[in-house]
Amino acid sequence: MAADIVTTETAEDKKSVRARVSDARRASVKPMRTVAIFAAVSALVAAVALPAYAATNPVTDQATTLQQMAVSDAQSLVVASEATAAPLERGEYSATTPDEIAKKKAEEAAKARAAAAARVAAANNSGAAISDADLRLAAAGSGAVRYPVPQGSYYVSRTLNSGHNGADMVAPAGTPIFASASGVVRISSESHYGYGVAVVIDSVVGGQRVSTLYAHMINGSRAVQAGQTVEAGQFIGKVGNTGRSYGAHLHFEVRVNGSLVEPISWLRANAS
């Protein structure tokens, strides 16, 4: 009897335990099922949303330009990997706006004018001669230009160069001097700076302004006065040794339109 009672209670107890275990298993399965459902839904949303986002924001393999990309309310700056931080020089790019173009043209014009002025000043200061083609102002033999001293009576000891503005025509003292071109006497002086006794005549030859200077004459030999009109070949004085001079000679200068030219070449191109 006692053994039967024990056996019955034990069987019932076992059934009760199994029921509690089964209930516990069912209770633990429900949260896991819920978590699995939420995970599946999240994966589905991500699978749909990510391709759409990627389609609206393409990714380039390599950035090649400087660009700004706006994402929501933020801004980000993307710089190409080839970009350099080297400074740009002004000469490496050209003007693009009307104001810059006008300014550049004005600067270039100013530079051109300055260069031209410098060339003229250099020619006047250094005594640079004009080319042979520019020296011909009148037909040779026309009488418009004459030699200032008789042919064969002189030799040239030196001519136009830096520091010396004319040709030194060495001739015996007292050799007659003649006007090389018709014109008006501008200077006639017994003491004209280092030129000593000198005469300057302004002329027009071949439509060009020509000024001739005759220096180192004998004192009292001047045959013309300032303001007097003279003709080509007219006697104006005699070779001497006055002023800054070392031996009797005629210092002869020629300017065409204000610029010094080599006198002997000018005479050969124009004189008869």
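**Pocket, rings and loops**

Tutor: Let's start at the largest pocket: strand S3 (155-158), strand S4 (167-170) and S11 each give its lining at least two residues. This is a predicted model, where local features need pLDDT of at least 70 and side-chain atom pairs count only at pLDDT 80 or more, while totals for chains, interfaces and linings use all residues. Residues are numbered from 1 along each chain as its sequence is written, and side-chain values use heavy atoms, with hydrogens and water left out.

Student: What makes a stretch a helix or a strand, and how many of each are in the protein chain?

Tutor: Both are DSSP runs numbered from the N terminus, with at least four residues (H or I) for a helix and at least two (E) for a strand. By that rule the protein chain has four helices and twelve strands.

Student: How much space lies in the largest pocket, and what makes it a pocket?

Tutor: It holds about 410 Å³, a volume being the space filled by probe spheres set on grid points that are joined across faces, edges and corners. On a 1 Å grid over the protein atoms alone, a pocket is an open set of points with protein on both sides within 12 Å along at least five of seven lines, whereas a cavity is a set where a 1.4 Å probe fits but cannot get out.

Student: Which residues are closest to the centre of the largest pocket?

Tutor: Arg158, His164, His216, Arg244 and His251 are the closest, out of 18 lining residues; to count as lining, a residue needs an atom within 4 Å of a point. The lining divides into ten polar, four nonpolar and four charged residues. Here Ala, Val, Leu, Ile, Met, Phe, Trp, Tyr, Cys and Pro are nonpolar, Asp, Glu, Lys and Arg are charged, and the others, Gly among them, are polar.

Student: Is His216 buried or exposed?

Tutor: Buried means under 20% relative accessible area, exposed over 50%, and partly exposed in between (1.4 Å probe, protein chains only). His216 has 5%, so it is buried. His216 sits in strand S8, and its phi is near 70°, a positive value in a residue other than glycine.

Student: Why is the pair of Tyr214 and Phe252 called tilted?

Tutor: Rings of Phe, Tyr and Trp (its six-membered ring) pair if their centres lie within 6.5 Å; planes under 30 degrees apart are stacked, over 60 edge-to-face, and the rest tilted. This rule gives a count of one aromatic pair. The ring centres of Tyr214 and Phe252 are 5.4 Å apart and the planes meet at 45°, so the pair is tilted. Tyr214 belongs to strand S8 (residues 208-217) and Phe252 to strand S11 (residues 250-256), so the pair ties together parts 38 residues apart in sequence.

Student: How do you know that Tyr214 and Phe252 are buried?

Tutor: Tyr214 has a relative accessible area of 0%, so it is buried. Phe252, at 0% relative accessibility, also counts as buried.

Student: Where is Leu137, and which residues is it in contact with?

Tutor: Leu137 lies in the loop between helix H3 (132-135) and S3. Contact means heavy atoms within 4.5 Å. Leaving aside neighbours within four places in sequence, Leu137 touches Val205, Gly206, Gln208, Val210, Val256, Trp266 and Asn270. The C-alpha atoms of Leu137 and Asn270 are 6.4 Å apart, although 133 residues separate the two along the chain. At a relative accessible area of 16%, Leu137 is buried.

Student: Why does Pro172 count as exposed?

Tutor: Its relative accessibility is 52%, so Pro172 counts as exposed. Pro172 is in the loop between S4 and strand S5 (176-178). Beyond its neighbours within four places in sequence, Pro172 is in contact with Ser153, Val239 and Ala248.

Student: Why does Asn161 count as partly exposed?

Tutor: Asn161 has 36% relative accessibility, so it counts as partly exposed. Asn161 is in the loop between S3 and S4, and its C-alpha is 8.7 Å from that of Glu262, 101 residues away in sequence.
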